[in-house]
Amino acid sequence: DILKEEQEVVAATILSKKGSAPRGVGTKMLIRKNAVIVGTIGGGLLEAMTIQLASKVFKTKKSLIEKFTLSDEDASLEGMVCGGNVKILFEYIDAKNAQQYYHAIELREKEKDFVMLTRIPDDDSPVMPKDKYLFTKTEFYGKEDKEVKDFISFLRENYNHIKSNLIEEKQKYFIEPIYGVEQLCIVGAGHISQKVALFARELGFYTIVMDDRIEFLNEEHFATANELHVISSYANLPFNGRINNNSYIVIVTRGHSFDKDVLAQALKTDAKYIGMIGSKTKKKNVYTKLLEEDFVQSDLDFVSCPIGVSIDAQTPEEIAISILAELIKVKRG
């Protein structure tokens, strides 16, 4: 959006960290020329220093890497136990040097997974736009370079397991996997479902809600959901072609038999997470019936039931937060 406005921006990315830095490797923050930020790398002193250095990058129009050291005293001011080192990449980006970001936008619009690769100079020379590459399982975007392509071939061998990382071997490369948007499929449209959907949008989940009751499943109750699907029956859910290994399924229907039908279908998908609300008694009854239908115990062990992180939640809002806390835990590995 900033580039469409023909504005310049500095992207600050955490390349590496040692000690108690508040955010992880790969965390990004955009800094506008007027010092307004989008996102956060953790707030506090580190973020303030990052915003201050971005003003230098706007003047030179050259990308650079800066190492910040937080003393134990600095860390205590940040609310951390001890200090540490953080290495941050400052990228100057405007419409003239954003070719790979335009490619990234196109790939996102096509819902394609891809990886962004940045070659990091060994010396203090600036990171150049030509040092940034994109690749999918089959496609490559960037300046032809045998060494880079050999490295990408190596990465493709474990394509689905790539994590944000700074590799320092013959050459330094920063790797950023940009995989599909996390998709949350909520089956059931009761009070808890409404609160899960409400908070999930703020956490970046693409939220889909399914129910067989049109009086419950409507935009009035689910204003923040991306998709609403009124189904004819819980026995035949539209999971095919929709649920992938970046999907989360939350089962919160109004009855045991419905939950069992939904769970049976969910277990046949590639979902990253399946959670079902219910008591231990309900869990035992549902699991017993599924074991009689040729499912095995290892299938059921994958399911989170009772759903959510244990925080003694009681209200729909509290239960929704406990569920989403568990999704975040799975998302962050």
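Colleague: Which residues does phenylalanine 239 touch, not counting residues up to four places away in sequence?

Modeller: Phenylalanine 239 touches Cys185, Val187, Met210, Ile249, Val262, Gln265, Ala266 and Thr269; contact means heavy atoms within 4.5 Å. Bear in mind that this is a predicted model, where local features need pLDDT of at least 70, side-chain atom pairs count only at pLDDT 80 or more, and totals for chains, interfaces and linings use all residues. Residues are numbered from 1 along each chain as its sequence is written, and side-chain values use heavy atoms, leaving out hydrogens and water.

Colleague: What makes a set of residues a nonpolar core?

Modeller: The members must be buried Ala, Val, Leu, Ile, Met, Phe, Trp, Tyr or Cys residues, joined through side-chain atoms within 4.5 Å. In the largest such core, of 26 residues, Phe239, Ile249, Leu263 and Ile274 touch the most other members. Helix H6 gives the most to this core, four residues. Helices (H or I, at least four residues) and strands (E, at least two) are DSSP runs, numbered from the N terminus.

Colleague: Why is arginine 119 called buried?

Modeller: Buried means under 20% relative accessible area, exposed over 50%, and partly exposed in between, with a 1.4 Å probe and protein chains only. Arginine 119 has 13%, so arginine 119 is buried. Glutamate 147 has 36% and therefore counts as partly exposed.

Colleague: How do you know that arginine 119 and glutamate 147 meet in a salt bridge?

Modeller: The rule asks for a side-chain nitrogen of Lys or Arg within 4 Å of a carboxyl oxygen of Asp or Glu. Here the N to O distance is 3.9 Å, and the pair qualifies as a salt bridge. Arginine 119 sits in strand E6 and glutamate 147 in helix H4, 28 residues apart. Both belong to a network of salt bridges that also links Lys130, Asp131 and Asp145.

Colleague: What makes glutamate 317 and lysine 195 a pair that ties together parts of the chain?

Modeller: Their closest N and O atoms are 3.7 Å apart, in a salt bridge. Glutamate 317 lies in helix H9 and lysine 195 in helix H5, so the pair ties together parts 122 residues apart in sequence.

Colleague: Why does valine 309 count as partly exposed?

Modeller: Valine 309 has a relative accessible area of 32%, so the label is partly exposed. Valine 309 lies in the loop between helices H8 and H9, and touches Ser322, Ala325 and Glu326, not counting residues up to four places away in sequence.
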